[in-house]
Amino acid sequence: MAGGAAGAEALTRLLGPVLDALAAGARDRGGPAPVGLPAALDEAWRDTLTPGGGATTGGGAWPGAPGGGATTDGVAALSELVRLFTAGSVDPADPRCVAHLHCPPLAIAVAADLAASALNPSLDSWDQAPISTTLEPAVITELAGLVGYPDTADGVVTTGGSESNLLGLLLAREHAVRAATGTSAVRDGVPPGRYRIFGSAVTHFSVHRAAGLLGFGEDAFVPVRTGRDHRLDPEALDAALSASTRDGEIPVAIVATAGTTDLGAIDPLPRIAEVAANHRTWLHVDAAYGGGALFSETLAPLLDGLHRADSIGLDLHKLGWQPVAAGIFLTRAATNLAALARRAEYLNPADDEDAGYTSLLGRSLRTTRRPDALKIAVTLRALGRAGLGALVDRCAALAVHAAASITARPELELYQPPVLTTVVFRFRGPDELNARLRRALLSAGRAVVGRTQIDGRVWLKLTLLNPDATPADVDGLLRAVVVAGTGELEAAR
C-alpha cells in the first residue's frame with residue numbers, strides 16, 4: 001500500500017521505474033505527439049494492451065480473469081504500460097504542443113499530487129480528510145482575496161470551468177426563483193416560467209449544457225452580440241434584459257467571460273456589473289482561462305470589476321500550471337452555498353458538526369473528492385503571486401512575439417493581436433487546406449496546433465502555456481506550419 005509507515009518505502013521502489021519509463025516513452029515518441037493516423041495507432045495500442053499482447057501475463061489473460069492469474073512482475077507491468085502511455089500521449093511540455101488550454105504542470109505540483117494520491121483523502125467528511133478540511137478553505141480564502149472579494153466570500157475546489165459554471169448557474173437559479181416566488185428551486189423544484197440566461201455569442205458551451213441540466217433547456221440561453229473582438233456589448237445586454245422582462249420572462253443570470261477559449265477576449269466587466277446591478281440579476285464570470293491574469297501585475301487590470309461578480313470560476317490547470325484537475329469556484333457570500341447543504345448521517349451527523357468535526361460535503365456537487373487543494377497550496381507557497389505572475393508574463397510575451405512573426409510572414413494571416421496567450425491565425429488559402437495541414441502536422445508527430453472556426457472560416461490557433469518555450473521555438477513552429485501548408489497547397493494542384 002502507498003500509505004502507512006511502509007508506504008514511502010514501497011513508493012520509492014516504484015518511482016525510479018516510473019521515471020525511467022517516462023523518459024523512455026518520451027524518447028520513443030520523439031516529439032510532441034505520437035506518429036501515425038488514429039486508426040493505425042488505435043490498432044497498435046489495442047494489440048499491446050489486450051490479452052496476449054504482452055501487457056499481461058498469466059496464460060495470456062487479464063489478471064483476475066477466468067483462467068488468468070496475477071501479473072508475475074508488478075514493476076515490469078508498471079514500466080511497460082507507463083512507457084507505452086507516455087509514448088502514446090501528447091506532451092504539453094513540448095514547445096510544439098500548443099493546441100489547447102492544456103498546460104505543462106509544475107514538477108512541484110505533480111510531486112504534491114503524489115502525496116495526495118498516496119494518502120487518498122476524500123473531502124466528504126472530516127474523518128476521511130482532517131487536515132484537508134482546513135486546507136481547502138484556506139486556499140479558497142487566499143484566492144478570494146486575490147480576486148478582491150470581501151471576507152464573506154467562500155467557495156470550493158472543482159474539476160474545472162464546466163463544473164464551476166454549473167455551480168454558478170445553480171446558485172443563480174436559487175436566487176432567481178426565491179426572488180420571483182419565495183420558494184427554493186433545490187427543495188421545491190423550478191416553478192413554471194420562461195427563464196433566461198444571458199451571455200455573449202461565444203460563451204463557453206458548458207453554460208448551454210448547464211442550462212439544460214438545470215431544467216431551463218439549452219434554448220434558455222440568450223446570445224448577446226459581440227464585436228469582432230468577441231467582447232460582449234453591454235448596451236446590447238441591457239436591451240436584451242429589458243426586452244426579456246417586458247415579455248414576462250425571468251432573467252436567471254448573466255454569464256460574462258474573462259478569457260474566451262479562442263481569442264482570450266475579456267468582457268467589459270465593470271459595465272456588465274452595472275447592467276447586472278440595475279436589473280438585479282446574478283452575475284457569474286467564467287474566468288477559467290483569464291483568471292490566471294490576476295497573478296500578473298501587467299495583465300491583472302484586464303480583470304478590473306471581477307470582484308463585483310456574484311460568482312466566479314477559475315482554472316489553475318490553465319494559467320496556474322497545475323495537474324488536472326484544479327478548478328476553483330468562488331462566491332462573494334458564503335450564504336449562497338446554502339443551496340448545496342446536505343446532511344448524511346454516515347458523513348456529517350449534526351452532533352459531530354456541533355462538536356467541531358465539520359464537513360465540506362455541503363459545498364460541492366460531488367461526494368467523493370480528491371484533496372486537489374494540496375498541490376495548489378504547495379504551488380502558492382513555493383512561487384507566490386510574483387512567481388506565478390512571471391510565468392504568466394512569459395507566456396503572454398511569447399504570444400506577442402508569435403503575432404509579430406505571423407504578421408511578418410506573407411503566407412500567414414493574423415486574426416487580431418493577442419489579449420492573453422492565444423494567437424489565432426491561418427495559412428492563406430482555402431479552409432480545407434488549413435484543416436489538412438493541421439492534421440498533417442499531427443499525424444507526423446511534428447506539432448499539435450489548435451483549430452477553430454470564426455465567421456464561417458477555419459483558423460489555426462496557438463495556445464501558449466509553456467513558460468519554458470522560447471521565441472525561437474515559436475518561430476520554428478510557424479515555419480513548420482508554412483512548410484505543411486505549402487506542401488498541402490502543392491499536393492492539391
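1. The helix α6 comprises 21 residues and spans 30 Å from its first C-alpha to its last, close to the 30 Å expected at 1.5 Å a residue. The model under discussion is a predicted one.

2. Of its 21 residues, 15 are buried, so the helix is largely enclosed by the rest of the structure; buried here denotes under 20% relative accessible area. G182 follows α6 and has a positive phi, near 80 degrees.

3. Helix α6 also takes part in a pocket. With three residues, α6 provides the largest share of the lining of the second largest pocket. The elements that each supply at least two residues of this lining are α6 (161–181), α8 (205–213) and β11 (448–454).

4. The second largest pocket holds about 490 Å³ of space. Its lining consists of 23 residues, and those nearest its centre are T203, H204, F205, T260 and T261. By residue class, this lining divides into 13 polar, six nonpolar and four charged residues.

5. The largest pocket has a volume of about 1200 Å³. It is lined by 33 residues, of which L22, F85, P105, V110 and P323 are the closest to its centre. Two or more lining residues come from each of α1 (7–29), α3 (74–87) and α4 (107–119).

6. For the second largest pocket, the corresponding division is six nonpolar, 13 polar and four charged.

7. Turning to the strands, seven of them form an open sheet with mixed pairing, in the order β2-β8-β7-β6-β5-β3-β4.

8. Strand β5 (residues 250–257) pairs with strand β6 (residues 282–287) in the parallel sense, over five bridges. A256 stands opposite V285 in β6.

How values were computed: Residues numbered from 1 in each chain as written. Predicted model: local features only at pLDDT ≥ 70, side-chain atom pairs only at ≥ 80, totals over all residues. Heavy atoms only, no water. Pairing = 2+ DSSP bridges. Helix = DSSP H or I, 4+ residues; strand = E, 2+ residues; numbered from the N terminus. 1 Å grid on protein atoms, 1.4 Å probe; cavity = no way out; pocket = protein on both sides within 12 Å on 5 of 7 lines; lining within 4 Å. Points joined across faces, edges and corners; volume = space filled by probe spheres on them. Nonpolar A, V, L, I, M, F, W, Y, C, P; charged D, E, K, R; others polar. Expected span 1.5 Å × (residues − 1). Buried < 20%, exposed > 50% of the residue type's maximum accessible area, 1.4 Å probe, protein only.
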